[in-house]
Amino acid sequence: MLELPTLTLATWGLATALTLFLLLRIFLLRLYRTYPLFTLYLGTNLLQTIIGIYLYQTYGFRTVYGYRMAWTTQAFVVIARGLAAAEICYRILGKFKGVWALAIRLLIACAGIVLISTLYFGIRSYKLAVITLDMSLEASIATWIVGLLVFARYYDVAMERETGMVGLGLGLLSCCKLLNDLVLEKYVQAYLNSWNYVSSAAFVGILLLWNWALRRPVTCAVPELLLNSAQVYQLLIPQVNRKLSALNQQLSQFWRAESSKP
Amino acid sequence: MNAVFYFAAVAAGLALVGLLFWAVRGASQRKSFDHSGGLDNVPSPVNNMAQIRQSMDPADFEFAKAKGGRELPARLRRERRRVTLLYLAAIRKDFQHSLRVARIIAVLSPEVSGSQEYERIRLAMIFRWRLQMIKIRLLLGLIPQPQLTALWQMAASMAMQMEETMAKLGERAALAAELALQSEKQ
């Protein structure tokens, strides 16, 4: 552990303390029933820290084995974060069955396209492949969360403040990590130490946000909805779209009429 | 990593952060979960169509010119352009209200058609863009009165048609509930 810079150790320690505090709060307030996958993600993160301490104490900070193991555990953390993001998505849109079915298809497609394109265009060398993979996963999680929140905004879907904050934190964390990885990918030698600080500082900031958001039980639960029959949608929406289309046609005609004036 | 892709990725990352805050800000502004307001308050047609129509009539300007000299029609034109812009804003409001009702219907529906939703988004975007163009033309001094009339009629008829259909659906739902109650009693 002596190989690690003091600032790295300090941010690492702070992040671990905040994670522990948040987990404790989650268990005391029984929030694990509301956010089981988010709790799993925090647990995975804590486990990664424990494994990291063991690895760096046993094998040192700059060994190949330590590097490989650290990135392997990181894969589990990113997957757990992806699951937490999916959970938040379901909590916000899940009760709106029709919109949820549409959103899930679109979000999976968008996140998939982002993942594949980042992997395809991003890989420069196998040495940096693991960073590219991390970047791709972060990009797809960020796209997923942003897409979800854009959906919620478009459909005027109200969400619990706590859920929104957890979602914001997950999205911000992925965006920060993505941008951080992009800078590292470009300036790998010069940025290596700073990359670690930025990554840890971003995580500490997000942990503070989550600690603040989950300071009390989820109080203002969104009530269960009584959905209309599918017939209502089938009857009304095509009418609305036809009218909108006619309205646009009218505007278009007006546009052409005005353009043809001398 | 390809330089073009690299800068595109950085730009996309920053855009994601911006979108994230924009979307969360919108969500935090929604205080209530009650969607009923949008359904109850179906847009009412704008009632001043006759006056707007008359205010834009060229004959009216000619009459003003004959009676009040050259300055009066110019002043009238300015004032009436302002009124027309307000009128356009009212049409836009009606249109947006109808869109909001459509979104509420979608949210409360167990099945949503991707193509219909996409079509509505596309049409709404085109509508907004064209409306802005019309506003610019109005500000430049062109007054497309007949087109505005058609625009208003369409917005109003859409609102009324939706109101009628919603009322019918309400009646059907009430009838179904009554039938269910009767069958339970038997």
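Biologist: Why is A:Arg30 called exposed?

Modeller: A:Arg30 has 10 other C-beta atoms within 10 Å, so A:Arg30 is exposed. This is a predicted model, in which local features need pLDDT of at least 70, side-chain atom pairs count only at pLDDT 80 or more, and totals for chains, interfaces and linings use all residues. Residues are numbered from 1 along each chain as its sequence is written, while chains are lettered from A and ligands numbered from 1 in the order in which they are written.

Biologist: Where is A:Arg30, and what is its phi?

Modeller: A:Arg30 is in the loop between helix 1 and helix 2 of chain A. Its phi is near 55°, a positive value in a residue other than glycine.

Biologist: A:Asp156 also interests me. Why does A:Asp156 count as partly exposed?

Modeller: A:Asp156 has 17 C-beta neighbours inside 10 Å and therefore counts as partly exposed. A:Asp156 is in the loop between helix 5 (129-154) and helix 6 (161-186) of chain A, and its phi, near 55°, is positive in a residue other than glycine.

Biologist: What share of each chain is buried?

Modeller: In chain A, 37% of the 262 residues are buried. In chain B, 23% of the 186 residues count as buried.

Biologist: How many helices and strands are there in chain A?

Modeller: Helices are DSSP runs of H or I with at least four residues, strands are DSSP runs of E with at least two, and both are numbered from the N terminus. Chain A has eight helices and zero strands, and chain B comes to seven helices and zero strands.

Biologist: What angle do helix 1 and helix 2 of chain A make?

Modeller: Axes are lines fitted to C-alpha atoms, for helices over the stretch in contact, and angles run from 0 to 180 degrees between N-to-C directions. Helix 1 (residues 6-28) and helix 2 (residues 36-59) of chain A pack at about 145°, with their axes 10 Å apart.

Biologist: What makes the crossing of helix 1 and helix 2 of chain A left-handed?

Modeller: The near helix is turned anticlockwise from the far one by less than a right angle for left-handed, clockwise for right-handed. The crossing of helix 1 and helix 2 of chain A is left-handed. Residues making the contact include A:Leu20 and A:Leu23 of helix 1 and A:Leu42 and A:Leu46 of helix 2; two residues are in contact if their C-beta atoms, placed from the backbone, lie within 7 Å.

Biologist: How many residues of that contact are nonpolar, polar and charged?

Modeller: Ala, Val, Leu, Ile, Met, Phe, Trp, Tyr, Cys and Pro count as nonpolar, Asp, Glu, Lys and Arg as charged, and the others, Gly among them, as polar. The contact of helix 1 with helix 2 of chain A has six nonpolar, six polar and no charged residues.

Biologist: What are the angle and axis distance for helix 5 and helix 6 of chain A?

Modeller: Helix 5 and helix 6 of chain A pack at about 145°, with their axes 8 Å apart, in a left-handed crossing. Their contact has 14 nonpolar, three polar and five charged residues.

Biologist: Which elements of each chain have the lowest confidence?

Modeller: The scale is pLDDT, the predictor's confidence in each residue, from 0 to 100. Chain A averages 81, with 84% of the residues scoring at least 70; its confidence is lowest in helix 8, at a mean of 68. Chain B has a mean of 71, with 56% of its residues at 70 or more; helix 2 (residues 36-40) of chain B has its lowest element mean, 47.

Technical notes. Buried ≥ 20, exposed ≤ 12 C-beta atoms within 10 Å, placed from the backbone.
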